[in-house]
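Trainee: I would like to go through the terms used for this structure. Can we take them one by one?

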Amino acid sequence: MKMLILRGISGFYAGKNWPRGALFEQPALDYASRRGFEGQVLDISGEAYKGSPQAKLALAEYRGDMTITALYGFSGGGYNVLHIINALTQAERGRLRLVVVLGAPGNRPALYRGSWELVYRLDPPGGHMDGPRALLASLH
């Protein structure tokens, strides 16, 4: 089974330029693996709004690959996870087993709830960009 991982918004964060969207990929991929999924990072920036390029691409990936049963959204990607869930049919939602949302405080956790396991985290003490590492560390 696969976990589709959505990046945050492109820009300059944590002393680094992120032209394809902010995300420290390795902790996200390691989290997917430790949870029993093959992680697949969507290579597109996470500007977040209904019908955004990231949301459209993620929907196409989800609908085209029946092995995707988990979504992981960081920052802007976390907001787009909600747009994706809202665009899914009931049958498509039924395939989801896990939804992870990191650093998207403008949306309440209740908005993401469904028949799947929900992991929702605000920014850790290390700051926004530390979210994926802190989530991975919480598995120890």
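**Strands, burial and helix packing**

Mentor: Strand 5 and strand 6 (residues 98-102) run parallel and are joined by five bridges. This is a predicted model, where local features need pLDDT of at least 70, side-chain atom pairs count only at pLDDT 80 or more, and totals for chains, interfaces and linings use all residues. Residues are numbered from 1 along each chain as its sequence is written, and side-chain values use heavy atoms, with hydrogens and water left out.

Trainee: How do you know that strand 5 and strand 6 pair?

Mentor: Two strands pair if DSSP finds at least two bridges between them. Strand 5 and strand 6 have five, so they pair. In strand 6, V101 is the bridge partner of G73.

Trainee: What joins strand 1 to strand 5?

Mentor: Five bridges, and these strands run parallel. I5 stands opposite Y72 in strand 5.

Trainee: Why is K2 called buried?

Mentor: Buried means under 20% relative accessible area (exposed is over 50%, partly exposed in between; 1.4 Å probe, protein chains only). K2 has 19%, so K2 is buried. K2 lies in strand 1 (residues 2-6).

Trainee: What makes strand 5 mostly covered?

Mentor: Seven of the seven residues in strand 5 (residues 68-74) are buried.

Trainee: Why is helix 2 called oblique to helix 3?

Mentor: Helix 2 (residues 53-64) and helix 3 (residues 76-87) pack at about 55°, with axes 9 Å apart. Under 35 degrees is roughly parallel, over 145 roughly antiparallel, 65 to 115 roughly perpendicular, and the rest oblique. The angle of about 55° falls in the rest, so helix 2 is oblique to helix 3.

Technical notes
Axes are lines fitted to C-alpha atoms, for helices over the stretch in contact, and angles run from 0 to 180 degrees between N-to-C directions. Helices (H or I, at least four residues) and strands (E, at least two) are DSSP runs, numbered from the N terminus.
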